[in-house]
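Good morning, and thank you for joining this meeting.

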Amino acid sequence: MALFGRRKTIRVEADILVVGGGMAGCGATYESRYWGRDLKVVCVEKANIERSGAVAQGLYAINCYMGMQWNENQPEDFVRYASNDLMGLVREDLAYDIGRHVDSTVHKFEEWGLPIMRDPATGRYQREGKWQIMIHGESYKPIVAEAARKAASEVYNRIMVTHLLMDSQNRNRVAGAVGFNVRTGDFYVFEAKAVIVAAGGASHIFKPRSVGEGMGRTWYAPWSSASAYGLPIQVGAKMTQMENRIVLTRFKDGYGPVGAYFLHLKTYTQNAYGQEYESKWYDDTKQLVGNYVDRHPVPTCLRNHALLKEVANGGAPIRMVTKEAFQDPHKETVGWENFLGMTIGQAVVWASQNIDPKHINPELTTSEPYVMGSHATCSGAWSSGPEDYAPPEYRWGYNRMMTVEGLFGAGDASGGTPHKFSSGSFTEGRIAAKAAVNYIKDVGAKPGVDEAEIRRLESQIFQPLENYRVGRNEIVAGTVSPSYILPLHALQRLEKLMDEYCGGITVNYMTNEPLLLRGLELMEMLKEDSDHIGAEDLHQLQRTWEFKHRLLASESVMHHTLFRTETRWPGYYYRGDHMKLDDQNWHCFTLSRYDADTGKWTLEKAPVYHIVQ
Ligand SMILES: Cc1cc2nc3c(=O)[nH]c(=O)nc-3n(C[C@H](O)[C@H](O)[C@H](O)COP(=O)(O)OP(=O)(O)OC[C@H]3O[C@@H](n4cnc5c(N)ncnc54)[C@H](O)[C@@H]3O)c2cc1C
């Protein structure tokens, strides 16, 4: 009771509330101030924006830069590239919108002090590939965060947002958010006229390859806990393409990225016997997806597919051939620096396993699946498009507004727009913020909040502490309680369930209707049990709410995977009962809506408009 007795309620009023201070959240905060000089702009973040989100460790490349000043690429090229990689299904209006604005974002980063490498011969930014430019990016996040800090009226760090608040009169209009301080336990109520959700992607919804003490090492940041999906889903926002999870081919055990190796160091892969293997699986792939296999570049999922087939056929381990490139001292340095600036864990793994890539070709493997809308997949909220470019069917409100009024999304939160990465996510935050300012100016009035709802949410948020406080008295030995489960137990159950029923690593990414239906039944049981999670302290309370957001996102992934009766992205997952790509019936987006009152999901199709030829 002592903790409850001390808990304060802190109320904050804002015009614009930005949930999540990662790349998109910093972009949204920065731009909100630019267009809304007199507005109160509040950014709320569960960690500290200085080093939060997927870019916390730093990056070695900005993966989305057109280079329009040098006529390197145009936004239309970007749309074609993203659409090609996603097997034809992207929101071209949204992608174009990112493409036309992203260069200005990168120029700002450089102005703010981010060192971008330059090609000494041309003076242009050093390219890693067609879309990537190389940076000295260890301090990328602090540089971007400084701009957001200076722009914000207030930044609230260490606040885990658990729920969005809705207008007491209009149940389809957002009115703010609630959460708690993960250090003090204080309850926070934010009231706002517009909310921009930028709370990152979803790792740890599928069982990771790393287990035991290494479980915290996943490819996407382990703290990316699906709030970008859990928060809008709870309030009935429509989601899109949630089945479109991504599986990454990465260096084994450390998930070290391979982009710089392929693109800059020009390394290549081979099977255990030193043979090139991708061409071996051409006919097999063509049978599944038809002409998509002939596209350039070959879509990422199809390259995964070839690797998976080779492994299933006895060709493992697959290796990256580094021995040749690493004879060049410059390339050797670049190879190591690539990890030291952003994935230091991979360098540590190699050191601990006696792997010197100059003498040993390191192993590659495929990761567990992830769901996020900013990297190379399309999952996220179904958002209204730009006024000048979106077809009428994609435009019901302000740019990047979800199907809930006043609720905007950016970065991982926003669906249909893959390949935006760090720079594109910041850019999308800016786009959403400009639209949110316009929305506020147009609607004027502040939404009302229902005090009874706030109190109901407060008791729900802190209930796991009470479950633990009471339930622990029943334990006579060890940690297993008859009346509660711990957040880690719940998470591991979810990961196992998603892995085995929804196409994770232990089933070679295979699923089908009977598996998905059983998975949904088991998920119902997990949902019932999740009301009985016991949280020992505030840290575990945060873990509890992260789990709950992951659970809701996972349920959405299950429903979407069940709905799309084809295998659109072999190499990411397979519907064993519908093994082929089916353009006749499924060249479309999948949309879902969750009704929190009934617990029911509604799914529908939406057309894909090809705007760019
Ligand atoms: C391993 C890896 C490598 C990558 N490599 C590159 C690369 O080389 N180049 C490149 O350009 N991009 C790269 N990316 C992609 C890039 O990092 C993401 O596209 C980008 O960070 C997405 O921005 P975001 O704002 O949506 O999410 P994030 O930047 O992850 O920000 C989300 C923020 O929300 C906060 N948050 C989450 N939940 C809550 C909550 N409930 N309440 C309050 N706050 C919350 C988080 O703490 C975080 O600060 C990489 C990503 C990863 C994981």
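I shall begin with the basis of the model and then turn to the fold, the cores and the salt bridges.

This is a predicted model, in which local features need pLDDT of at least 70 and side-chain atom pairs count only at pLDDT 80 or more, while totals for chains, interfaces and linings use all residues. Residues are numbered from 1 along each chain as its sequence is written, and side-chain values use heavy atoms, with hydrogens and water left out.

First, the overall form. The protein contains 17 helices and 19 strands; these are DSSP runs numbered from the N terminus, with helices being H or I of at least four residues and strands E of at least two. Its C-alpha trace spans about 65 × 60 × 50 Å along the principal axes. Of the contacts with a separation of 6 or more, 76% are between residues 24 or more positions apart, where contact means heavy atoms within 4.5 Å.

What percentage of the 613 residues count as buried? The figure is 60%, with buried meaning under 20% relative accessible area, exposed over 50%, and partly exposed in between, using a 1.4 Å probe and protein chains only.

Now the interior. In soluble globular proteins, nonpolar side chains tend to be buried together. Here the largest nonpolar core has 94 residues, and those with the most contacts inside it include L17, L164, F190 and L407. A nonpolar core is a set of buried Ala, Val, Leu, Ile, Met, Phe, Trp, Tyr and Cys residues joined through side-chain atoms within 4.5 Å. Helix α16 (residues 538–563) supplies the largest share of this core, seven residues. Apart from it lies another core of 64 residues, among them C43, V106, F408 and I440.

Turning to charge, the structure holds 43 salt bridges, each defined as a side-chain nitrogen of Lys or Arg within 4 Å of a carboxyl oxygen of Asp or Glu. One of them joins K446 and E13 at 3.9 Å, N to O. K446 is in the loop between α12 and α13, E13 is in strand β1, and 433 residues separate the pair. K446 is partly exposed at 41% relative accessible area, and E13 is likewise partly exposed at 44%.

A local example is D77 with R80, at 2.9 Å, N to O. Both are in helix α3 (residues 75–85), and because they are three residues apart, about one helical turn separates them.

A further salt bridge links K358 and E332 at 3.6 Å, N to O. K358 lies in the loop between α11 and β13 and E332 in helix α10, so the pair ties together parts that are 26 residues apart in sequence. Is E332 buried or exposed? At 19% relative accessibility, E332 counts as buried, whereas K358, at 25%, is partly exposed.

Finally, salt bridges that share partners join D97, R100, D388, R400, K420 and E428 into one network.
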